[in-house]
Amino acid sequence: MRFIDLFKKPNLIAAHRGDRSHFPENTLASLRGAIGKCDFVEMDIWLTKDGVPVILHDETLGRTSDVETFEIFRDRAPWRVEDFTLEELRRLDAGNWFYEKDPFGLIRDGKVVVPPKEDRTQKIPTLEEVLRFSKRHGIFLNLEIKDMHRYISDEEALKAVFDVIEKTETASMLLLSSFRGNYLPLCKRTNPKIPTALLRSDPLRNPLDLLKDTYVDCYHPSKEIVDADSVRKVRNAGYFVDVFVVNDSEERKKLFDWGVNAIFTDFLPDFRDGFQKNSEIVI
Ligand code: G3P
Ligand code: MG
């Protein structure tokens, strides 16, 4: 089964940055935590100073790591990922901040059990680690390639990503997406079998033009810019529509009623709570 086959089923659930309301986002813990609770997992890619694709959301390291506690990195504030080699990044802890800051309030509410101190630490994963882990556990992944044009050419950035995909032989499990339209035709040219998606959070009068120009298979709009009419038009033109970030069950239902294929969420639905799960992740 390939990623695109997931769309044969309706009402897909994507884990946004892994199970990020229960585990530190974009880590192997949040990836593992999403197993069995969603149809696919979304994670974000940046390249390090030495050109290694790693999994991280922000352009800077401050929010999701302990970088500011390192005297040796003090002069690198605001700690952009592009200023750190992989070896430097791997010294950081990307886990404890979650248990200290409780970003979703679920620790306060007793819904997340804080692990013992020695189990809270997480490394910023490399793309290779995430792909190997996902392959082992049968996880379908949407990799969002962050816009790195400020520090690396489009071709070099994508080559680094595709080298890892090839090396790990994981193309069939993947959907690639980006806000940077320029990346998408290049992805398609490199491997036409991997589905691609255009991300968008600014309103578009006619998304179909841009979807056609970027040669994508899917449209990934934010929930703020979609309505029933635009979903219908894009679906009728043959594209899949996956909407981010949807944390409210009423809103999720409304979007699925409109014909949206998948929603990205921070709160993986509680399947005991009347939610009909459509597909199982095979472990
Ligand atoms: O891919 C959907 C979503 O992840 C896009 O926004 O900022 O959370 O990466 P962001
Ligand atoms: Mg993302």
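Reader: Let's start with a residue: in which helix is the place of Arg132?

Author: Arg132 is found in helix H4 (residues 127–137); helices here are DSSP runs (H or I, at least four residues), strands are E runs of at least two, and both are numbered from the N terminus. This is a predicted model, so local features need pLDDT of at least 70 and side-chain atom pairs count only at pLDDT 80 or more, while totals for chains, interfaces and linings use all residues. Residues are numbered from 1 along each chain as its sequence is written, chains are lettered from A and ligands numbered from 1 in the order written, and side-chain values use heavy atoms, without hydrogens or water.

Reader: Is Arg132 buried, exposed or partly exposed?

Author: Under 20% relative accessible area is buried, over 50% exposed, and in between partly exposed (1.4 Å probe, protein chains only). Arg132 has 36%, so it is partly exposed. Leaving out residues up to four places away in sequence, Arg132 touches Lys167 and Thr168, where contact means heavy atoms within 4.5 Å.

Reader: Now the metal. Which residues coordinate the magnesium ion (ligand 2)?

Author: Donors are N, O and S atoms within 2.8 Å of the metal (3.2 Å for Na, K and Ca), and with water not among the atoms, sites may look incomplete. Here, Glu42 (OE), Asp44 (OD) and Glu144 (OE) coordinate the magnesium ion (ligand 2) at 1.9 to 2.1 Å. Their spacing in sequence reads E-x1-D-x99-E. Glu42 belongs to strand S2 (residues 40–47) and Glu144 to strand S4 (residues 141–145), so this pair ties together parts 102 residues apart in sequence. Glu42 is buried at 4% relative accessibility, and Glu144 is buried too, at 5%.

Reader: Which residues are around ligand 1?

Author: The test is a heavy atom within 4 Å. Among those that pass are His16, Arg17, His57, Lys146 and Phe179, along with Glu42, Asp44 and Glu144.

Reader: How far is a polar side-chain atom of Glu42 from an oxygen atom of ligand 1?

Author: That's 2.6 Å for Glu42, and for Glu144 a polar side-chain atom lies 2.7 Å from a ligand 1 oxygen. In Lys146, a side-chain N or O atom is 2.8 Å from an oxygen of ligand 1. On its own, ligand 1 has 290 Å² of accessible area, and the protein covers 90% of that (Shrake-Rupley, 1.4 Å probe; for residues, only the protein chains shown count as cover).

Reader: What does the side chain of Asp58 make a polar contact with?

Author: A polar contact is a pair of N or O atoms within 3.5 Å; within protein, one must be able to donate a hydrogen and the other to accept it, and residues adjacent in sequence count only if both atoms are side-chain atoms. For Asp58 the partner is the side chain of Arg63, at 2.7 Å. Asp58 sits in the loop between strand S3 (53–55) and helix H2 (86–89), and is buried at 16% relative accessibility.
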